[in-house]
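Please look through the following structure with this short briefing beside you.

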Amino acid sequence: MATNTASEPSLAQKLRGLKGEVVKFGIVGLSGVVVNFAVFWVCLNGMGLASVRSNIVATVIAIATNYLGYRYWLYRDRDAASRKREITLFLVYSGIGMLIETGVLGFSVYVLDLRSHYEQIGAKVIGLAVATVFRFVSYRTWVFKAVPETVELPAQQSVGAAAGQELAAQAELMLATERIRLAKAE
């Protein structure tokens, strides 16, 4: 019989698990950064787009490539029961991250008047760093939720637990029936 009441892992175990996750997040993120900066540079220099427009195009393309890395490599073992919800939340939090990144870039260009391409790249790096911290926390907390671990109970306990669960199910059924009966009486 399985239950979700597992003993809590120690702080050292949690940190070791988080370390591996941070490294993988960094690898996927670094590939996204390469895509982001390459597209930004092409849009800025090759196509002559303004810096904020170039940043939005580059970030949207990087978001798409990062989703594939996060879903199918880093968080492949996470709950994928509701892809529509997952993709929606991913896009929302990625969009907020893009606003953070673009806000820093826009502030540096339009308020601080840093207009050289290298100054814009510097502002983009700062904005991307802040947005990356936000995205890491958001993705691991709300988008790619962990599947609860189950622990097997010893055979003696599982018989008692099964009886208790069956009793609880019967009680819930009785309560539901009673609620229906009372609703019809009103």
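Of the 186 residues in the chain, 29% count as buried, where buried means under 20% relative accessible area, exposed means over 50%, and partly exposed lies in between, as judged with a 1.4 Å probe and the protein chains only. This is a predicted model, in which local features need pLDDT of at least 70 and side-chain atom pairs count only at pLDDT 80 or more, while totals for chains, interfaces and linings use all residues. Residues are numbered from 1 along each chain as its sequence is written, and side-chain values use heavy atoms, with hydrogens and water left out.

**Helices and strands**

- The chain holds five helices and two strands, which are DSSP runs numbered from the N terminus (helices are H or I with at least four residues, strands are E with at least two).
- Read from the N terminus on, the order of these elements is β-α-α-α-α-β-α.
- Y93 has its place in helix α3, and this residue is buried, with a relative accessible area of 17%.
- Y93 and A131 are 38 residues apart along the chain, and their C-alpha atoms are separated by 9.7 Å.

**Salt bridges**

- Four salt bridges are found when the whole structure is searched, a salt bridge being a side-chain nitrogen of Lys or Arg within 4 Å of a carboxyl oxygen of Asp or Glu.
- One of them joins E86 and R71, whose closest N and O atoms are 2.3 Å apart. Because E86 lies in helix α3 and R71 in helix α2, this pair ties together parts that are 15 residues apart in sequence.
- E86 counts as buried at 1% relative accessibility, and R71 also counts as buried, at 1% relative accessibility.
- Another salt bridge links K124 with E101, with 2.5 Å between the closest N and O atoms. K124 lies in helix α4 and E101 in helix α3, so the pair ties together parts that are 23 residues apart in sequence.
- Both K124 and E101 are buried.
- The side chains of D113 and R115 also meet in a salt bridge, at 2.6 Å from N to O. D113 is partly exposed, with a relative accessible area of 49%, and R115 is partly exposed as well, with 43%.

**A nonpolar patch on the surface**

- F107, Y110, V111 and L112 form a nonpolar patch on the surface, and together they have about 430 Å² of accessible area.
- Patches are made of residues with over 30% relative accessible area and no salt bridge, where like charges are joined within 9 Å and nonpolar side chains (Val, Leu, Ile, Met, Phe, Trp, Tyr) within 5 Å; the areas come from the Shrake-Rupley method with a 1.4 Å probe, and for residues only the protein chains shown count as cover.
- V111 lies in helix α3 and counts as exposed, at 55% relative accessibility.

**The second largest pocket**

- The second largest pocket is lined by 19 residues, of which G29, N66, L128, T132 and R135 lie nearest its centre. On a 1 Å grid over the protein atoms alone, where a 1.4 Å probe is used, a pocket is an open set of points with protein on both sides within 12 Å along at least five of seven lines, and lining residues have an atom within 4 Å of a point.
- The elements that give two or more residues to this lining are α1 (11-46), α2 (51-74), α3 (83-111) and α4 (117-143), and the largest share, seven residues, comes from α1.
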